[in-house]
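Here are a few notes to read with the structure open beside you. Take the points in order and find each residue as you go.

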Amino acid sequence: KLGLSSTKLAELINGSSGACWSSMVNNPVKGISPGAPAGMDFDGGFGVGLMKKDLGLVMKAAGEKGAALELAGTAQHVYEEVDEAEKGKDFSVVYRWLEGRSQNGNGARIR
């Protein structure tokens, strides 16, 4: 949107302190990471339902210990909606879901 291609942005991120597994190996933008689920319509990989389950386990454990997870509720809500809309897909499909919300003018209105 700002005139920088996805490929160039990935190069910048991965050539700096922003480099990490999700930007180098499992980038959610099709064509950036060879073999990533994004290049296979998000089939395979770690399912969004599993991510939702694991997030729930983390939230439960944190609650039992009195730890505050300020963004976890929003993330849980997002993964619930993504799981409903994209059942069986890799968890990185959340990128496509968020992109669709942004294009429809719904980007910042989660809960």
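1. A word on names before we start: helices here are DSSP runs of at least four residues, numbered from the N terminus. Keep in mind that this is a predicted model. With that in hand, look at the loop between helix H2 (21-24) and H3, where you'll find Asp41. Phe42 sits in the loop between H2 and H3 as well.

2. Check the backbone of these two. Asp41 has a phi near 55°, which is positive even though the residue is not a glycine. Phe42 is also a non-glycine with a positive phi, about 65°. Are they buried or exposed? Asp41 is partly exposed, at 40% relative accessible area, while Phe42 is buried, at 5%.

3. Now go to helix H4, residues 72-85. Its 14 residues span 20 Å from first C-alpha to last, close to the 20 Å expected at 1.5 Å a residue. Which of its residues are buried? They are Ala72, His77, Val78, Tyr79, Val82 and Asp83. The cover over them includes helix H3 (48-65) and H5.

4. How do H4 and H5 sit against each other? Two packed helices are described by the angle between their axes and the distance between the axes. For H4 and H5 (residues 94-103), the angle is about 95° and the axes are 10 Å apart. Angles of 65 to 115 degrees count as roughly perpendicular, so that is what we call H4 and H5.

5. Zoom in on where they touch. From H4 come Val78, Tyr79, Glu81, Val82 and Ala85, and they meet Val94, Trp97 and Arg101 of H5. Sorted by class, this contact has 6 nonpolar residues, 2 charged ones and no polar ones.

6. What makes up the largest nonpolar core? It has 11 residues: Ala38, Phe42, Val48, Leu55, Val78, Tyr79, Val82, Phe91, Val93, Val94 and Trp97. H3, H4 and H5 are the elements that give two or more residues to this core, and H4 gives the most, with 3. As background, nonpolar side chains in soluble globular proteins tend to be buried together.

7. Setting aside neighbours within four places in sequence, Val93 is in contact with Phe42, Val82 and Glu86. That takes you back to the loop between H2 and H3, where Phe42 lies.

Terms used
Residues numbered from 1 in each chain as written. Predicted model: local features only at pLDDT ≥ 70, side-chain atom pairs only at ≥ 80, totals over all residues. Heavy atoms only, no water. Axes fitted to C-alpha atoms, helices over the stretch in contact; angles between N-to-C directions. Parallel < 35°, antiparallel > 145°, perpendicular 65-115°, else oblique. Contact = heavy atoms within 4.5 Å. Nonpolar A, V, L, I, M, F, W, Y, C, P; charged D, E, K, R; others polar. Expected span 1.5 Å × (residues − 1). Buried < 20%, exposed > 50% of the residue type's maximum accessible area, 1.4 Å probe, protein only. Core = buried A, V, L, I, M, F, W, Y, C linked by side-chain atoms within 4.5 Å.
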